[in-house]
Amino acid sequence: MTQAAAFLRKITTGITGFDEASRGGFPAGKTSLIEGGTGCGKTVFMLQSLLQGPRARDEVCVFVAFEETPEQIRDNAQSFSWDPAALDPEGLIFIDAQPDLDLIRSGEFDIAGLLAVLEHKAVGRGATTIVFDALDRLLQLAGDQQVCIREISRLQQWLCKHELTALISSKCREAGDPITPGLGTEQLQFMLDCVVTLNHRVHEGVSHRSLRIRKYRGSGFEENLIPFIIDTDGLEVASVVRSERDGETAMSERISSGVPDLDIMLQGGYFRASSVLLTGAPGTAKTTLCGAFASAACERGDKTVFISYDSECEEIVRNLASVGIVLQPHIDSGVLAMVSMRAMQGSAESQLIAIRRLVEQHEARILVADPLSALSKVGNTSLAPSVAERLIDWAKSRDVTVMCTSLLEDSDDIVEATPLKISTIADSWLHLTYVVSAGERNRGLSIIKSRGTAHSNQVRELRLSEEGVALEEVYSAAGEVLMGTLRWERQRKEAMAARDSEVRAERDRLRLTGEAAELEAQMALMESRLDAKRQELESVRDNVAASAKEEQRRQRGTRDLRLNVRGSDGDNNKSHE
Amino acid sequence: METTTSPMNSRAHASRLTLYIAGDLPNSRRARAHLEAWLERAAVASDDVEIVDVLTHPERAAEEDIFMTPALIFSGDSGRQVFVGDLSDGEYLGDLQVATSDSHDRV
C-alpha cells in the first residue's frame with residue numbers, strides 16, 4: 001500500500017493549468033517525456049517546471065542540455081519574468097552535454113559516462129529532479145533502435161535507483177512520430193511513465209499552441225488537447241477544471257443592470273456571478289447597456305474590468321457620457337479598469353488568458369467584454385467557442401459576473417444564436433434589434449432568456465437620451481408591438497377615435513331621445529284619436545242597436561196589427577209557427 | 001595497460017590518447033580489446049594510452065565532458081579528436097593512426 005502511495009506521488013510544476021490537467025504535476029521518482037516539434041516550447045516548459053516547481057521549493061535540480069549551451073538556456077530563462085533566484089548555480093546545475101562537433105562514432109556506445117557525471121555532480125549534491133533537454137540528440141548518435149532501448153532502460157534504472165524525478169524532451173512531429181524514424185526515439189513514448197506532447201501550429205496566420213497528455217501511468221489525467229500560450233510569464237496553460245454548477249453555490253443576489261426599467265423586467269436585475277449575453281446588430285446600443293451595467297457596478301463599489309475589442313477606451317467613455325453614463329470618475333478612482341484590446345492579435349486562447357490575468361490583477365467582480373465575438377476573428381473560429389465557454393465557466397467559478405456582447409448581423413439568425421455559441425451557457429440573453437417601420441429605426445430590446453427569472457417576453461423600445469437609457473412600456477396594438485413615432489401616432493389616433501366616438505354616441509343619444517319623444521307624442525295623439533274612434537264606433541253601434549230595436553218594435557207592431565186583422569184564421573197561424 | 005589514471009610520461013607527450021570506459025560494461029570491454037589490437041598493429045606502446053574508468057573516477061569524465069562511453073580522446077597539437085563507441089569500426093581508427101604518427105615514429 002505504501003508502494004501505491006509512492007507511485008502516485010507527484011511534483012507540482014507551478015504551471016496551474018498543467019498541474020490541474022495532470023492532477024498534480026509530473027510523477028515523482030519517475031521519468032516523463034515532453035515531445036514536440038521545433039519551437040513548441042519544450043525547453044521553456046521544462047525550465048519553468050523546474051524553476052516554479054522543485055526550485056521554488058529550494059530543491060537542487062539538474063539541467064542536462066544536449067542542444068544548447070547552459071549560457072543560452074540561462075539567458076532564455078532570464079528573458080522570462082521568473083524569479084532569478086531559482087537560477088542560482090548552487091541549486092540549478094547545468095550540464096553541457098552537447099556531443100562534440102567532430103565526434104566520430106565507431107561502434108556501439110552507452111551512456112554510462114553521462115550517468116557517472118550525473119552521479120558525481122548531481123546525486124552527490126542532493127538533486128531531486130533532472131531535466132534532459134533534447135535527449136533525442138544523444139539517441140540519434142546511437143543510430144540503432146536496440147541500443148536506444150537499452151540506453152533508455154539504463155537511464156531509467158539509474159534514475160529509479162537514485163529516486164530521481166526526470167523530464168526528458170525529444171523532438172517529434174505533430175502526431176508524435178519521431179523526426180528521424182527507426183532510431184528508437186519513439187520508444188521513449190512506450191518506456192516512460194508520462195508523455196506530454198506539445199503542439200504548435202499556425203492556423204490562418206494565428207499561432208495556436210496546445211499540449212496533450214498522451215499517457216500517465218497510474219493516474220487519471222485530462223485527455224483532451226489543452227491550449228496554452230507562452231508570454232513573458234512563460235507557459236500559461238488553459239484551465240480544464242470546469243466550475244461546479246450546483247444549486248448550492250448559485251447566488252441569489254441580484255445586481256442592477258444599470259437601467260431601472262430593465263431591472264424591473266428582470267425582477268431586480270441579473271444574478272450575481274451569472275453570465276449575461278447581449279446580442280444585436282451594430283448600433284443597437286450593446287455598448288451602451290454594457291456601460292450602464294459597468295457604471296452601476298462601480299457605483300456599488302464592485303471592481304469592474306471593461307474590455308473593448310471595438311474601440312478605444314476614451315471613445316467609449318466619451319460616447320457613453322452623451323447618454324448620461326459617466327465612467328471617468330470610476331476610472332479615476334480605480335474601481336473601473338477599461339482596457340482596449342483592439343490591437344490585440346493572437347489566438348483566442350491567448351486573449352482568454354489576457355482577460356483572466358486582467359480580472360485577477362484587478363480583483364474584479366464584474367467583467368464586461370464588448371464584443372466577445374471579436375474572439376472568433378480570422379484564424380480563431382474553431383477554437384473561439386470553447387474559449388468563450390471556458391471564460392464564462394472560469395468567471396463563474398470565481399463569482400465574477402460576466403456581461404459579454406456578440407455581434408449578430410442577422411437578427412433572424414437567432415436559432416444559430418451567436419458565433420461563439422455561448423448563448424446556451426449564458427444565464428441571461430438579451431437581444432437588441434432595430435425595428436424598422438414607417439421610415440424609422442427604433443431600438444428594441446427583448447429578453448430571450450433569463451434563468452431563474454420570470455421575465456416579459458415582449459419587445460420593449462429602448463430609448464437613449466441625455467438622461468440615460470430607458471425602456472418604453474410595451475405598446476401593442478392589433479397583435480403588433482409599436483415603437484417610436486408609430487407608437488405615438490397610434491396612441492394619439494386611438495385617443496382621438498375614442499373622443500370621436502364619445503361625441504357620436506352623445507349625438508345619437510340625443511337624436512334617439514328626440515325621436516323617441518316624438519314617437520311618444522305621436523303615440524299619445526294616436527291613442528287619443530283611437531279613443532275618439534272607439535267612442536265613435538261605440539256610438540255607431542248603439543245607434544244601430546237602437547234602430548234595430550225600433551225596427552223590431554215596429555215589426556211587432558205591424559204583426560200585431562196583422563193578427564188583429566186576420567183573427568179568424570187561427571189554424572193557419574199555428575201551422576206557420 | 002592498466003585501468004588507472006595518468007602515467008606521467010603519457011602526459012608529457014605532446015599528444016596523447018585517453019580511453020574512457022565504464023567499468024566492465026560490454027562496450028567498454030570490447031573497446032579495450034579493439035584498442036589493444038589496434039595498438040599492436042600500429043606498434044604504439046600501450047602505456048602511451050591512459051585508461052580512465054568513469055565509474056571510479058567520475059570527476060575525470062566531468063572534466064572532459066565524457067557522457068558517452070567508451071570514448072577515446074586523442075589530444076594533440078592539431079586539437080582534440082573524440083571517438084565514441086567500442087572502436088569496432090577500424091576505418092576510423094585509421095584516422096587515428098595518421099594523427100598519432102605525428103608524435104610516434106612510423107614503423
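In what sense do strand 3 and strand 9 of chain A pair, and over how many bridges? In this predicted model, strand 3 (residues 31–36) and strand 9 (residues 194–203) of chain A run parallel to one another and are joined by five bridges.

Helix 3 (residues 42–52) of chain A lies across several strands, including strand 3, strand 4 (60–65), strand 5 and strand 9. The angle between helix 3 and strand 8 (165–171) of chain A is about 170°.

The sheet of chain A is open and contains nine strands, arranged in the order 5-4-7-8-3-9-10-11-12 with mixed pairing. Strand 5 and strand 12 (234–237) of chain A each have a single partner strand, so each stands at an edge with one side left without a neighbour in the sheet. On average, neighbouring strands of this sheet are turned by 20° against each other, direction ignored.

Strand pairing also occurs between the chains. Strand 6 of chain A pairs with strand 4 (residues 79–84) of chain B in the parallel sense, over two bridges. Here, A:I104 has B:F83 in strand 4 of chain B as its bridge partner.

The size of an interface is often given as the accessible area lost when the parts come together. For chain A and chain B, the buried area is about 2100 Å², of which 61% lies on carbon and sulfur atoms. In chain A, the residues that lose the most area to chain B are A:I104, A:S106 and A:D110, which together account for 28% of what that side buries. The contact involves 26 residues from chain A and 28 residues from chain B.

Polar interactions were also counted across the contact. Two salt bridges are found between chain A and chain B. A salt bridge joins the side chains of B:R30 and A:E108, with an N to O distance of 3.5 Å. By class, the side of chain A that touches chain B has 13 nonpolar, four polar and nine charged residues.

Methods. Residues numbered from 1 in each chain as written. Chains lettered and ligands numbered in written order. Predicted model: local features only at pLDDT ≥ 70, side-chain atom pairs only at ≥ 80, totals over all residues. Heavy atoms only, no water. Contact = heavy atoms within 4.5 Å. Buried area = accessible area lost by both parts, 1.4 Å probe. Salt bridge = Lys/Arg side-chain N within 4 Å of Asp/Glu carboxyl O. Nonpolar A, V, L, I, M, F, W, Y, C, P; charged D, E, K, R; others polar. Pairing = 2+ DSSP bridges. Helix = DSSP H or I, 4+ residues; strand = E, 2+ residues; numbered from the N terminus. Axes fitted to C-alpha atoms, helices over the stretch in contact; angles between N-to-C directions.
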